[in-house]
Amino acid sequence: EVDVTARRFATHAAATVPTNVRANNTAGDGTNTAQSEESIAAWGDHVLVAWNDGTGPQYQGYAYSSDGGQTFTDGGVPPVPAGWIWSSDPVVALNEKTGTFYFCALVEPTASTNGIAVVSATFSGATLTWGTPVLARSVSNANTALDKQWLVADSTTGNLYLTCSTFDNATGDHIDFQKST
């Protein structure tokens, strides 16, 4: 009789752990600056990473790799329309059929609103090309706050599914769901 558990353990124990590689460039960051709440997606050798970036005035950062994560390019801030501020909670999703990446985060489209925006990204060789950001949802700061959104790309249908917590003084707190075809 063969002990499958012992054989599996021995196989995994022999695996080589790759070297850790920094994705972000911290040069010029202040002493109280942090990058946090990372999200990552990979398609073949193409990798997209996003994080909260405490450097402001835009509070999102990203990096990408076209060599399977052996090296990264810090891309700075994802594209954002004039006047908008990327504020928090980055999520990276991937359509595994098409290789289209999606960056989703909380955004402040105006001084009196908060919302959720999504922007697509594709690779052509080692070049990452961003689409145009889309405002998926926006609410008034006066009585509503959106938080902890999550985005999933359905590789079978091409649909995007978005959920978020809605903290609403008028209707009560709840979870919302949106679908984009």
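This is a predicted model: local features need pLDDT of at least 70, side-chain atom pairs count only at pLDDT 80 or more; totals for chains, interfaces and linings use all residues.
Numbering starts from 1 along each chain as its sequence is written, and side-chain values use heavy atoms, without hydrogens or water.

Next, select L48, W86, F101, F103, L128 and W130. They have the most contacts inside the largest nonpolar core, which has 19 residues. A core here is a set of buried Ala, Val, Leu, Ile, Met, Phe, Trp, Tyr and Cys residues joined through side-chain atoms within 4.5 Å; buried means under 20% relative accessible area with a 1.4 Å probe, protein chains only. β2 (46-53), β3 (60-65), β5 (85-95), β6 (100-110), β7 and β8 (127-130) each give two or more residues to this core.

Zoom in on L128. Leaving aside neighbours within four places in sequence, L128 is in contact (heavy atoms within 4.5 Å) with L48, Y62, Y64, A121, T122 and F123.

Now pick V91, C104, V118 and A153, which are among the 14 residues of a second, separate core.

Finally, show the whole chain again. Of its 181 residues, 38% count as buried. Among contacts between residues at least 6 apart in sequence, 41% join residues at least 24 apart.

Technical notes:
Buried means under 20% relative accessible area, exposed over 50%, partly exposed in between (1.4 Å probe, protein chains only). Helices (H or I, at least four residues) and strands (E, at least two) are DSSP runs, numbered from the N terminus.
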